[in-house]
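These are my notebook entries on one structure.

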Amino acid sequence: MKWIKPLLILGGVWMITATGIAAPNTPTNTPTITPTPGCCQSDKILGSGTPGPALNQVSGPLGIAVGATRVYVADGGNNRVDIYDKNGNLAAAPITSASFSLPQGLALDGNNHLFVADYAVSMVFKIDLSTNTIMTTFDGTGGVSMSSPMDGPIGIWCNNQGTTVVVAENLNGKRVRIFQKQGSGYFPVQQLPVPSGAVSFTPVGVTEDGAGNLFVTDDASYGSPASELCVWKYAPPYSSAVTVADNSAGQLWDPRFITMDSAGDFYVGNRGTLGTSSLSVYDPSWSFLYQCTAGGGVSYVNAQGVGVD
């Protein structure tokens, strides 16, 4: 059985079975789902389903990372990272720091570390999950080359060793940079070029396919121009990019976070400012499979983060 965890902006973090999605973000509603082709019903919600500051609540959830036994949620409204088990129960006290201001993107390596991209303080935190404490931080400065402060880090991906980290920066800089571990720190070693033909490049999510190819979602400043609601593919050595998915058939509306499952299928959360908030699913060759929204009169609002196990 496959689990997919779409993340909704208000108070709902829904777990769904198989290859589909259906979830409201209005806590008082009980979903009555009419699955679309390829989609299955939501299974349960993580936490109480009511937004708020209590330990069993989330408020403004954004990014999500799924480990072997735990699910980590960037709880932006509460400036913390919540920790659940895969039954939807709290597994541990949340990860907190006085330095957190708006945690968004999350990435897990294979050495029990969690990388947290904080949009507001323009910094990435590396967390030791054995103690849930900060090991180190990095902000794009201090390196020999490509050194400049981060500007709104949002999407983040890391390799299994935790030695390479890719960060999408979404504010004035609007760029994607590759960071390498050097000693105990992380420093930028390469900036991906703005894709040829891009009018308003606005990177949000980033992932990698195991073959070195990087995939970056571009929400083009919330849909202007609409033709740039897309996913870009950068192949090594990352000197150029090509579009692998776009909104030509209404498949991507404000694409946000992106992930890939073990079969190579890709999942994109669509905030839907100019269209339908949804989850779009593609096969390994980026052929469109299906798009899922809630049914039974209950719709997604601000679906953003997504994770698979």
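This is a predicted model: local features need pLDDT of at least 70, side-chain atom pairs count only at pLDDT 80 or more; totals for chains, interfaces and linings use all residues.

**Entry 1: a buried charged pair.** I began with Arg177, which is buried, and Glu169 is buried as well. Buried here means under 20% relative accessible area, exposed means over 50%, and partly exposed lies in between, with a 1.4 Å probe and protein chains only. The two side chains meet in a salt bridge, at 2.8 Å from N to O. I count a salt bridge when a side-chain nitrogen of Lys or Arg lies within 4 Å of a carboxyl oxygen of Asp or Glu.

**Entry 2: provenance.** Residues are numbered from 1 along each chain as its sequence is written, and side-chain values use heavy atoms, with hydrogens and water left out.

**Entry 3: other salt bridges.** How many salt bridges does the structure hold? I found six. One of them joins Asp82 to Arg80, with the closest N and O atoms 2.7 Å apart. Asp82 counts as buried because its relative accessibility is 1%, and Arg80 counts as buried at 6%. I also noted a network of salt bridges that links Asp75, Arg80 and Asp82.

Another salt bridge is between the side chains of Asp219 and Arg271, at 3.6 Å from N to O. This pair links distant parts of the chain, 52 residues apart: Asp219 is in the loop between β17 (214-218) and α1 (220-223), and Arg271 is in the loop between β21 (266-270) and β22 (278-282). The element names follow DSSP runs numbered from the N terminus, with helices as H or I of at least four residues and strands as E of at least two. Is Asp219 buried or exposed? At 1% relative accessibility, Asp219 is buried. Arg271 has a relative accessible area of 12% and is therefore buried.

**Entry 4: sheet β12 to β15.** I then traced an open sheet of four strands, in the order β12-β13-β14-β15, with antiparallel pairing. Two strands pair if DSSP finds at least two bridges between them. Which strands stand at the edges? They are β12 (153-158) and β15 (185-191), each with a single partner strand, so one side of each has no neighbour in the sheet. From one strand to the next, the twist averages 30°; axes are lines fitted to C-alpha atoms, for helices over the stretch in contact, and angles run from 0 to 180 degrees between N-to-C directions. Six bridges pair β14 (residues 175-182) with β15 in the antiparallel sense. Phe179 has Pro188 in β15 as its bridge partner.

**Entry 5: sheet β8 to β11.** Four strands also form an open antiparallel sheet in the order β8-β9-β10-β11. Its edges are β8 (103-108) and β11 (133-138); each has a single partner strand, so one side of each is left without a neighbour in the sheet. With direction ignored, neighbouring strands of this sheet are turned by 25° against each other on average. β8 and β9 (residues 113-118) run antiparallel and are joined by five bridges. I noted Gly105 opposite Ala117 in β9.

**Entry 6: hairpin β22-β23.** Strand β22 runs antiparallel to β23 (residues 288-292), with four bridges between them. Leu279 stands opposite Cys292 in β23. The hairpin has five residues between its strands, and Trp286 takes a positive phi near 70° there.

**Entry 7: cysteines.** I searched the whole structure for disulfides, taken as pairs of cysteine sulfur atoms within 2.5 Å, and the count is zero. Cys158 is buried at 5% relative accessibility, and Cys230 is buried at 2%.

Entry 8: Thr207 lies in strand β16 (residues 203-208) and is buried at 5% relative accessibility. Leaving aside neighbours within four places in sequence, its contacts (heavy atoms within 4.5 Å) include Trp157, Leu214, Phe215, Ile258 and Phe266.

Entry 9: Pro237 is in the loop between β18 (230-234) and β19 (242-246).

Asn132 is not a glycine, yet its phi is positive at about 55°. Asn132 sits in the loop between β10 (123-128) and β11 and is partly exposed at 21% relative accessibility. Lys174, also not a glycine, has a positive phi of about 45°. Lys174 is in the loop between β13 (164-169) and β14, and its relative accessible area of 25% makes it partly exposed.
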